[in-house]
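Subject: Structure for you to look at

Hi,

Here is the structure I promised to pass on. Please open it and keep it beside you while you read. My notes follow below.

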Amino acid sequence: MGSSEIAWKLADHPKLPKGKTVAVVVLDGWGEANPDKYNCIHVAETPAMDSLKKGAPDRWRLVRAHGKAVGLPTEDDMGNSEVGHNALGAGRIYAQGAKLVDLALASGKIFEGEGFNYIKECFDQGTLHLIGLLSDGGVHSRLDQLQLLLKGAGENGAKRIRVHILTDGRDVLDGSSVGFVEALENDLLMLREKGVDAQIASGGGRMYVTMDRYENDWGVVKRGWDAQVLGEAPHKFQSAVEAVKKLREVPKANDQYLPPFVIVDKSGKAVGPIVDGDAVVTFNFRADRMVMLAKALEYEDFDKFDRVRVPKIRYAGMLQYDGELKLPSQYLVSPPEIERTSGEYLVHNGIRTFACSETVKFGHVTFFWNGNRSGCFDPTMEEYVEIPSDSGITFNVKPNMKALEIAEKARDAILSRKFDQVRVNLPNGDMVGHTGDIEATIVACKAADDAVKMILDAIEQVGGIYVVTADHGNAEDMVKRNKSGQPQLDKNGNIQILTSHTLQPVPVAIGGPGLAPGVRFRKDVPSGGLANIAATVMNLHGFEAPSDYEPTLVEVADN
């Protein structure tokens, strides 16, 4: 059914009035965990969020933000910002990237599809290059998926395979890169024993090589291009295991930031630059950190850096990374088709919408919120504002990030009374939490809380309503824990810092002078997740949600 044929009119809610300004605030990486010194949200001064938690017990609760609640395969899968914002905006749970890839690999359909057949044309004469994050973190990619892809490619005619690895240390423990490289080398050895010329060709740390996002720093992608395509890097090794071990010996070395390296043969020649006639697959299933490389591989009129040499290749993504840009044009697994998002419904029902974040999360509060769709549904009804993120530094250097600027934009939008919904993402807890810097993350949490206060004060002035929530956990637990929940130590007796997202639930709070009397959280949706928030927000705008949405979290008690 095309969008023009969908009945967009929402029924009015029988007990909730229309016309109040609703602020929807998403605190990125803000989970709920036991209070201790490694819980940066607990340690930080967060009076605004504390007041929401303590203020009205029937207007504050927790919801699930990981695993099956956001469409991921298992309860061991941590949530992330993409699936979180998909669920927040869509109001329903869709099978997400990793799960779709798992199904396609398990059934073998991935090797029969249009995308695989497209790259297969190169197998006779050319090399198949696989580029992606070497990790079992399950946020951007998974080692077992790469292993199945390698095996299937070998069985389906690939004669020469080169893998370009990006080390993790962000969604998994720093230092785990060596084990992953050893596991991959073992798989490649088995392929070689079956007559496939398969080896690792290049590598580097994910935050320094290739995996930038939202065009924050094209230098990151260029370093990857030079190693992967041109076969040039400052570090040359004859073995990837040796490369990672040696590069980790440098003081303060970290898997996330390993410099680029290429693998060379005994004569010093790179073993796997990408050349005319080759096929390339980026095997990450998550989109955000693959889009920039996809542009460099696919766009003819590319001007972000000098590519020096642009090989004529056949390129496919594991998934299509941007549905609006149709990028890449070829992909191995089709993405979830998310239609009829809450944002689209509300715009069709006269809700004027303002959305804002800084660069690193702007796509989340717009593109992902709107069901992996770029742009406005109706530019006359919506305004999207992107504040440029700091570039060229790690986020712990300036942990306040742009929280104040985002809050100011939101405040001005609320006070202008031009908008019915003002939606923001405050990235601090997540982006600074990922650096593993506990002191900086504490500062980041305070900055996000200050921003919340500014937005809530504005809502107070206009008699509006607020919904404050998060997309997944991160800053609330900064250490790896053993089975008894105690901080885990490394072999030198040091605490093992956790830089990844968590499996913790996230808060959702409602309130404001515009909230109708008697509105409270229901007690009969105990296992509610992020997808339930869409219907909740629709109710607070005075509408009933569509019948196939996850149930609302609110009810109106008869006083």
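Which residue follows α4, and is its phi positive or negative? Helix α4 is followed by G108, and the phi of G108 is positive, near 80°. Keep in mind that this is a predicted model.

Now look at helix α4 itself, residues 97-107. G97, A98, L100, V101, A104 and L105 are buried there. Why do they sit on the same side of α4? They cover an arc of only 160° around the axis, so they share one side. On the other side of α4, L103 and A106 are exposed. What do the buried residues pack against? Their partners are α6 (143-155), β9 (314-319) and β10 (331-333).

Next, the domains. The chain is divided into domain 1 (19-95 + 347-556) and domain 2 (98-333). Their C-alpha centres lie 32 Å apart. In domain 1, 30 residues are in contact with 23 residues of domain 2.

The size of an interface is often given as the accessible area lost when the parts come together. Here the two domains bury about 2100 Å² between them, and 54% of that is on carbon and sulfur atoms. P73, A95 and H434 supply 20% of the area that domain 1 buries against domain 2, more than any other three residues.

Last, the polar side. Two salt bridges are found across the interface. E82 forms a salt bridge with R286; their closest N and O atoms are 2.5 Å apart. Four residue pairs are in polar contact between the domains. Helix α12 (residues 359-368) gives the most to the side of domain 1 that touches domain 2, with seven residues.

Best wishes

Methods. Residues are numbered from 1 along each chain as its sequence is written. This is a predicted model: local features need pLDDT of at least 70, side-chain atom pairs count only at pLDDT 80 or more; totals for chains, interfaces and linings use all residues. Side-chain values use heavy atoms; hydrogens and water are left out. Buried means under 20% relative accessible area, exposed over 50%, partly exposed in between (1.4 Å probe, protein chains only). Helices (H or I, at least four residues) and strands (E, at least two) are DSSP runs, numbered from the N terminus. The arc is that of the directions from the helix axis to the C-beta atoms. Contact means heavy atoms within 4.5 Å. Domain bounds come from an automatic or database domain assignment. Buried area is the accessible area (1.4 Å probe) that two parts lose on being put together, summed over both. A salt bridge is a side-chain nitrogen of Lys or Arg within 4 Å of a carboxyl oxygen of Asp or Glu. A polar contact is a pair of N or O atoms within 3.5 Å; within protein, one must be able to donate a hydrogen and the other to accept it, and residues adjacent in sequence count only if both atoms are side-chain atoms.
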